[in-house]
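Open the structure in your viewer and get ready to select a few residues. We will go from stop to stop and see what sits at each one.

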Amino acid sequence: MIDVRKARALSRRRFLTSAAVLPLTASAFDAGAAPLAATIPDRLRAFDLRDVDLAEGPFLHAQRMTEAYLLRLEPDRLLHNFRVNAGLPAKAPVYGGWESEPIWADINCHGHTLGHYLTACALAWRSTDDARFRERIDYIADELAACQRAADSGLVCAFPKGPALVAAHLRGEPITGVPWYTLHKIVAGLRDAALLADSQRAREVLIRFADWAVVATRPLSDQQFEVMLETEHGGMNEVFADLYLMTSNADYRTLAQRFSHKAILEPLARQRDHLDGLHANTQIPKIIGFERVYAATGETRYRDAAAFFWRTVAHTRSFATGGHGDNEHFFPMAAFADHVFSAKGSETCCQHNMLRLTRALFLQDPSADYADFYERVLYNGILASQDPDSGMATYFQGARPGYMKLYHTPEDSFWCCTGTGMENHVKYRDSIYFHDDRSLYVNLFIPSAVRWAARRATLTQTTSFPEQPGTALRWTLAAPTELTLQLRHPRWSREAIVQVNGREVMRSHAPGRYLALTRTWRDGDRVELRLAMDVTVEQAPAAPGIAAILYGPLVLAGALGRDGLASGADIVVNERRYGSYNDAPFTAPTLAGDATSLARAVRPTGTPLEFTIASADRRKVRLIPYHRIAHERYATYWQLSDAT
């Protein structure tokens, strides 16, 4: 066993000394700026989650559903395998699915759920101040600390073979599974618990793990390390870059760079798209890590790689929903027609991680392009992924016509997307507003309020978006204050009109930018942003005979009913069987026309966000936003009958 006690003692002193003065921000890097000044500071800063309130609406509903699920889960069941591996008796039976069932033993993801759970509880506590989430964080940290003491090691894991799996991986022996990927979830959860929930106990467990990893990986040559990184390893570079920013311990910065997969980094840094055939969610966490390594080191190749990857995926490899991939892999866009109708498209974890990357890049470069993409994925990917009735989440959100969304079970389907799903719906407030010293950015049109303590200002947003295209804002100020209000004019709106206290002050016909209102604001000043939502049609250049219909940023899905579906048929255990569930023959409608005629053929019904269109055989098809589809068949992409 590796002795890390000497290294651990020094690093823990550094970490705990710096942690005492860490200012908490909107989250632990994922949902906020770095807690210590980075080598390359962000241009914008996020608001603390506790300074943003959500008002009633679909996002607050989704948050409440996830909060309830988090509180139903039992920490001792998530901790079962950790205690067993440390030689301690389990306190409760282990959960099913990826956490224990033999059918998934080959992926060795046992314990990943606990990491996501820690992050979700930290986000929930920071958002709500509900002490129950903080109590769970500290309890889990105490239990993991007990495991470290019992095993006399900083490594905590839940793999059936215990630390032996990690040791074999470090020796370069053939293994099954993704140990570093799973360990990344655990240490990311500890990081978030330490920063968001200010858990001293989580800090101590985290630094013991970090010091173990420094010593355990030190004997590997650069070539051996790179070979190890051919196996999925999550965002280990991200966490160690964050640890460096938290502690100034150069060992962590070095390890962040070693965990940055050069086979992926170097082509991207040279602006080369080599993604065809690669497993998508293996790559995105690495890219998030590249952005963090840039912040920690200032080396521009990391920044360039992250920005080029984002442009490549967001602009050329994404579906209309903002999702991407087929069966978890990137595919050549020339073969779009061969992949678009898969039941295994748009893995929800990929959407989650693309939004994390988008947000990080936006903080460095506040472009409306990032915010537009974020909004599209937020509605058509993240909000759309949750069952509004049970709070459970999807794995894939494929576009097979007539298929339906499939959701995990509460205790037997602990997929990767179950874990990111726990996080997704308790951090909606993290990307509505941003600021620098003089400007407040309004990125999303969500009913909410933000408190800017340094300016003694509160901005309250009242909106029924997307039912109505626009939003209203009201200042509450302790004294007249000169500020710039940056309002996003989204690319989907051909026009934007801004009124202040009922008088028009700006009209824009150049979408895809921010409208800057600089003035001395007074208490009670009102701002109204009026936008235009139109029906549009999107087609991939390589597949002009296939189309998606949008209204503003919303993908309109055909609501195709429940014919041939049993009650509960969308609650499933085995994500590998996507495509074979509910596979009875079903003939989905096709549409006739080109992009222009299709857009004209969409008719509003008089009910907000509800439309109809005639199919090629003149049947009336009901169209509603994809994020409102649940428990029925749907279509998001359409075969055009006279364009085949």
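This tour visits a pair of helices, some aromatic rings and a loop glycine. Keep in mind that the model is predicted.

**Stop 1: two helices.** Select residues 131-151, helix α6, and residues 200-217, helix α9. Their axes come within 8 Å and cross at roughly 35 degrees, and the crossing is left-handed. Now show the side chains: among the residues that meet are Asp-138 and Leu-144 in α6, and Arg-201 and Phe-209 in α9. The residues of this contact divide into six nonpolar, one polar and four charged.

**Stop 2: two ring pairs.** The model has 33 aromatic pairs. Select Phe-319 and Phe-331, a tilted pair with 6.1 Å centre to centre and 35 degrees between the planes. Both residues are buried. Next, go to Tyr-379 and Phe-465, an edge-to-face pair at 6.0 Å and 75 degrees. Tyr-379 is in helix α18 and Phe-465 is in the loop between β7 and β8, 86 residues apart.

Is Tyr-379 buried or exposed? Its relative accessibility is 2%, so Tyr-379 counts as buried.

**Stop 3: a loop glycine.** Select Gly-391, in the loop between α18 and β3. Gly-391 counts as buried because its relative accessibility is 7%.

**Last stop: a charge over a ring.** Select Lys-185, which lies over the face of Tyr-181, at 4.1 Å from the ring centre.

Conventions. Residues numbered from 1 in each chain as written. Predicted model: local features only at pLDDT ≥ 70, side-chain atom pairs only at ≥ 80, totals over all residues. Heavy atoms only, no water. Axes fitted to C-alpha atoms, helices over the stretch in contact; angles between N-to-C directions. Helix = DSSP H or I, 4+ residues; strand = E, 2+ residues; numbered from the N terminus. Left-handed = near helix turned anticlockwise from the far one by under 90°. Contact = heavy atoms within 4.5 Å. Nonpolar A, V, L, I, M, F, W, Y, C, P; charged D, E, K, R; others polar. Buried < 20%, exposed > 50% of the residue type's maximum accessible area, 1.4 Å probe, protein only. Phe/Tyr/Trp six-rings, centres within 6.5 Å; stacked < 30°, edge-to-face > 60°. Lys NZ or Arg CZ within 6 Å of the ring centre and 35° of its normal.
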